Amino acid sequence: MKISTSIPVDDVDRAKSFYTDFLGLREEEFNMGWVARCTDPDSGAHVQLVSRDKTAPVDSALSVHADDVDAAYAEAQAAGYEIVYPLTTEEWGVRRFFVRAPDGTVLNIVQHRD
């Protein structure tokens, strides 16, 4: 399972230099202006910088990369967890939903297209 920590920032590009220059996360997996992921290609360590989610009503603290997001959505609903953002196929190609954990943390459950 891959989990990405989302760090809230005011400006993705300005914040990125700290993580790339100082911490040495060398690979920019993607940068959509409002969200970017920087990774160390050797270890796989990464952070996701988020200024404001483009389509969801709130920002998530974590992204959990699911093999079957539809099954995860059904499981979250069956368990009675609060769905913060419904299952959606985004214009940039991911399928995702946001769910609130019992402790209040909002998670982005996401499946990337192959």
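This is a predicted model: local features need pLDDT of at least 70, side-chain atom pairs count only at pLDDT 80 or more; totals for chains, interfaces and linings use all residues.
Which strand holds histidine 65?

## Histidine 65

Histidine 65 belongs to strand 5, a strand made of residues 62–65. The residue is buried, its relative accessible area being 15%, and the cut-off for that class is under 20%.

The side chain of histidine 65 reaches the side chain of serine 4 in a polar contact of 3.0 Å. Once residues up to four places away in sequence are set aside, histidine 65 touches Lys2, Ile3, Ser4, Arg37, Val110 and His112.

Helix 1 comprises residues 12–22, and its buried residues are Val12, Ala15, Lys16 and Tyr19. These residues lie on the same side of helix 1 because they cover an arc of only 110 degrees around the axis. On the face turned away from the buried side, helix 1 carries the exposed residues Arg14, Asp21 and Phe22.

The N-terminal end of helix 1 is capped by aspartate 11, which places a side-chain oxygen 3.1 Å from the backbone nitrogen of aspartate 13. Just after helix 1 comes glycine 24, where phi is positive at about 85 degrees.

In soluble globular proteins, nonpolar side chains tend to be buried together. In this model the largest nonpolar core has ten residues in all: Val64, Ala66, Val69, Tyr73, Ala76, Leu87, Phe97, Val99, Leu107 and Ile109. Two or more residues of this core come from each of helix 2 (69–79), strand 7 (95–100) and strand 8 (106–111). Helix 2 gives the most, with three residues.

Leucine 87 is one of the members of this core. Leaving aside neighbours within four places in sequence, leucine 87 is in contact with Val69, Asp70, Tyr73, Arg95, Arg96 and Phe97. A second, separate core has nine residues, among them Val9, Ala15, Tyr19 and Ala36.

## Salt bridges

How many salt bridges does the structure hold? There are twelve salt bridges in the structure. In one of these, the side chains of lysine 2 and glutamate 29 meet, with 3.8 Å from N to O. Since lysine 2 lies in strand 1 and glutamate 29 in strand 2, the pair ties together parts that are 27 residues apart in sequence. Lysine 2 is partly exposed, with a relative accessible area of 33%, and glutamate 29 is partly exposed as well, with a value of 32%. A network of salt bridges links Lys2, Glu29 and Arg37. Lys2 and Arg37 are also among the residues that histidine 65 touches.

Aspartate 59 and arginine 52 form another salt bridge, in which the closest N and O atoms are 3.4 Å apart. Aspartate 59 counts as partly exposed at 33% relative accessibility, and arginine 52 counts as partly exposed at 40%. A further salt bridge joins the side chains of arginine 96 and glutamate 90, at 2.9 Å from N to O. Both arginine 96 and glutamate 90 are buried. Arginine 96 is also one of the residues in contact with leucine 87.

## The hairpin of strands 6 and 7

Strand 6, residues 82–89, runs antiparallel to strand 7, and five bridges join the two. Within this pairing, glutamate 82 stands opposite arginine 100 in strand 7. The two strands form a hairpin with five residues between them, and glycine 93 in the turn has a positive phi of about 100 degrees.

## Aspartate 40 in its loop

Where does aspartate 40 lie? Its place is the loop between strand 3 and strand 4. Is aspartate 40 buried or exposed? Aspartate 40 is buried, with a relative accessible area of 17%.

A polar atom of the aspartate 40 side chain lies 3.3 Å from the backbone nitrogen of serine 43. When residues up to four places away in sequence are not counted, aspartate 40 touches Leu25, Arg26 and Ala45.

Terms used: Residues are numbered from 1 along each chain as its sequence is written. Side-chain values use heavy atoms; hydrogens and water are left out. Buried means under 20% relative accessible area, exposed over 50%, partly exposed in between (1.4 Å probe, protein chains only). Helices (H or I, at least four residues) and strands (E, at least two) are DSSP runs, numbered from the N terminus. The arc is that of the directions from the helix axis to the C-beta atoms. A polar contact is a pair of N or O atoms within 3.5 Å; within protein, one must be able to donate a hydrogen and the other to accept it, and residues adjacent in sequence count only if both atoms are side-chain atoms. Contact means heavy atoms within 4.5 Å. A nonpolar core is a set of buried Ala, Val, Leu, Ile, Met, Phe, Trp, Tyr and Cys residues joined through side-chain atoms within 4.5 Å. A salt bridge is a side-chain nitrogen of Lys or Arg within 4 Å of a carboxyl oxygen of Asp or Glu. Two strands pair if DSSP finds at least two bridges between them.
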